[in-house]
Amino acid sequence: MNWASWLLWGFLATIVLTTISAGAQGLGLTRINFPYMLGTIFTPDRDRAKLYGFLVHLVAGWIFSVVYVFIFQALGTGGWWRGALIGIGHGIVVLVVGMALLPGLHPRMASEQQGPTAKNLLEPPGFLALHYGVQTPLAIMIAHTIFGMILGAFYHLA
Amino acid sequence: MLLSNRPIAKIHDYAAVGDCRSAALVSRYGSVDWLCWPRFDSPSIFAAILDKDKGGYWSISPSEPSQFERAYIRGSNVLETHFICTTGRATLTDLMPVASEEFKRRHLLPDHELLRQIACTEGEIKLKVAFCPRGYYGTREVEIKNLGPNVLRLEIGRGAYSLRGNVPLKIHGNEARGAFSMRDGDVLQFSLSYSEESPAVLPALGENATASIKRSVNWWQGWAARAKYQGPYRDAVVRSALALKLMAYAPSGAITAAVTTSLPERIGGSLNWDYRYCWLRDASLTVRALLGLGYIEETESFMTWMLHATRLTQPRLRVLYNVFGGIAPREKELDLAGYFDSRPVRIGNGARHQLQLDVYGEVIEAAAQYAQRHGHFDRTTQKVLIGFGEYVAAHWNLADEGIWEPRSGGANHTHSRLLCWTALDRLLALSDKGLLDGVPRQQFELERGRIRQQIEHRAWNDNLQSYVSVLDGDSVDATLLRLPWYGFEEAQSSRMKSTYRKIRQELSPGDSLLFRYRSQPPEGAFGICGFWAVEYLALGGGTLKEAYDVFDQLLKYGNDLGLFAEEIDPGTRDALGNFPQAFTHIGLISAALTLEEKERGDSHPAAQTGENVKLGSREVIS
């Protein structure tokens, strides 16, 4: 495995993923804000949560990119379209499984069963994160597909 | 009242039970005639209130002629209906069980449950049970399956409904029925639960259900006891707070306008709208009510929802959103008979794309009141609020549909201008208090002054000696009573006093009620407008005694449980419009709080908020 190549492109792909997510929110395509969502696991302070969440997202993206690299190594080849396919699979797992599990993992996120106790909690993402806007699945799929494409295109096998 | 057959209930014959995710309407005769699961705006399984033949219902009622009495268990949203027959008495308890989050973490509970317990309390009584579910607003037939001892199951879409009882019901096609004799001390229980995940949790009956009722009563009573209001109308205020709480959607913090659709504003008419969405205007006024009563968690939860839900459209605000901040569905008509033939029955809401500029002022006013009592805004919230202000500064001069949402197009509504003024005024006040950084003061002061000038000149009609509904117009509406509430004009000013006289003259159907505006044919008197008059009088437009008198008269228009719909028929005193209606209950609480503040000699919160900058706004004009 080419550790140096993974470190560089894993980092850059994660930066792009985060930027696309933030851009999608800024453009009004979705309300999902990954850094905020992850950061509020650690603090309710909105401003700090975004900073902490950005760092967590970076580290998480980096770690996830190892899986991509392992697959490329196992296949003996990379390439942008293989990376894109893995990214699509990654996006589907995030949407279908990750979002469903999140209310159980996140200490400050309401579940669909919350109530009647009112508490200042993050709303649950719902199936495919549709509670955060109908275009959310699209934004997440695009971001993860591009994440995979970058890794596939630029990671060099050892 | 002695009744033998299944009686037809009117709007005020209903009570609401719920769990802050959905709600059911139970008639005074023991019939559940409205229920949507899993959310307020989901399709119904019972909708007899909109079509007694097709809608579906679940009734538990005496077989013999009976008298019906009912009341909520004090301080709760648990309903008790008493059946009084010549042979005996029984009490039906209806509720959607609730529990603390801590309890729910430790126990397996159904996602959604409607629990009905009937206890014979005296002599003997014969009862009949009719369970007649219909899918998707009565348009889909259902197949009821017998799953074994006393458990029925039906599946509609992705959801499975399970009806469990401690006596069997016999399936007849798409209905299940049973008849039972009870003696003093006998207790029957039925639990209808809903799940979209299998295996579904089937709640145990018997002691478990009894404990569930007790736990729910305790939860509601604990919540109601926190209401800070200690004035003479505590019962009415607490009931209104409990009704408002029923309309809150706890997973997101949203507050819906009502739990029903298409209950008519005019019997036999077409003013039938779906109110199961969150209107920012109503919800912002709710903040004032809940904050005033000391319900901080609900307020914080709503503020968070509001900032998050509106994220996709900011700085533009939509008029209404669904409970998760999505756009409300397109309006659609259903093939139902309608409440007393009031058609069409609609779902979705066509006002979703309207421009209603007053919404900005309501949202900012709510934020200002929240900040005034409880702290600071983070940077994101500050940016969002300033963004709203910038939108208002750029667009306040547009014609809009305004608070009453006519489908006839836009106009230059005085009330919308007032709330645009309020938006800029409150932002400047927040800036003065150091709670907002980066407010473009010069621009906001300039535009605020322009709006004031426009209202003072073009919304005042010299011939009528009154403020008017639209600029350069010649008619009044009840929103003009709000000019003092937001601190724009003193309640005791000569302009306001003559405006009040004009409003009473034009919009009063008698007694203390007020129409929102003149219409032909006339619709009902609008519930909240009467309470606005109370606040106007209490703020200085009249005496406190006059305000109390009007308030006392208005309370009589609630139903026997203290619940209000949107409107009241002045002739028959029947409730009209969706039910229960947040807007009316907000008005009741707000009026009671204003009366209490005046008794204590406190200044009005809205006036306090704008106080610092009021002089500034006048300087700009001069």
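Mentor: Chain B has 622 residues, for which a compact globule would have a radius of gyration near 25 Å; the value for chain B is 25 Å, so the two agree. This is a predicted model, and the description should be read accordingly. Along the principal axes, the C-alpha atoms of chain B occupy a box of roughly 80 × 50 × 45 Å. Its secondary structure amounts to 14 helices and 26 strands. Of the 622 residues in chain B, 65% are buried. Among contacts in chain B with a separation of 6 or more, 68% join residues 24 or more positions apart.

One residue illustrates the interior of the chain. B:D358 lies in helix α6 of chain B, which covers residues 358–374. B:D358 counts as buried because its relative accessible area is 0%, and the cut-off for that class is under 20%. Beyond the neighbours within four places in sequence, B:D358 is in contact with B:R281 as well as B:D400, B:G402 and B:I403, and also with B:H415, B:S416 and B:L419. B:T572, by contrast, is 214 residues from B:D358 in sequence, and their C-alpha atoms are 33 Å apart in space.

We may now turn to the partner chain. The size of an interface is often given as the accessible area lost when the parts come together. Between them, chain B and chain A bury about 2,500 Å², and carbon and sulfur atoms carry 49% of it. On the side of chain B, the residues that lose the most area to chain A are B:H308, B:L312 and B:F324, which together account for 26% of what that side buries. In residues, the contact draws 34 from chain B and 26 from chain A.

Six residue pairs are in polar contact across the interface, with both residues at pLDDT 80 or more. The elements of chain B that contribute two or more residues to the side touching chain A are α1 (101–106), α2 (207–225), α5 (296–309) and α7 (379–395). Of that side, α5(B) supplies the largest share, with eight residues. Sorted by class, the side of chain B that touches chain A comprises twelve nonpolar, nine polar and 13 charged residues.

Notes
Residues numbered from 1 in each chain as written. Chains lettered and ligands numbered in written order. Predicted model: local features only at pLDDT ≥ 70, side-chain atom pairs only at ≥ 80, totals over all residues. Heavy atoms only, no water. Contact = heavy atoms within 4.5 Å. Buried area = accessible area lost by both parts, 1.4 Å probe. Polar contact = N/O pair within 3.5 Å; in protein donor to acceptor, adjacent residues only side chain to side chain. Helix = DSSP H or I, 4+ residues; strand = E, 2+ residues; numbered from the N terminus. Nonpolar A, V, L, I, M, F, W, Y, C, P; charged D, E, K, R; others polar. Rg over C-alpha atoms; globule rule 2.2 N^0.38 Å. Buried < 20%, exposed > 50% of the residue type's maximum accessible area, 1.4 Å probe, protein only.
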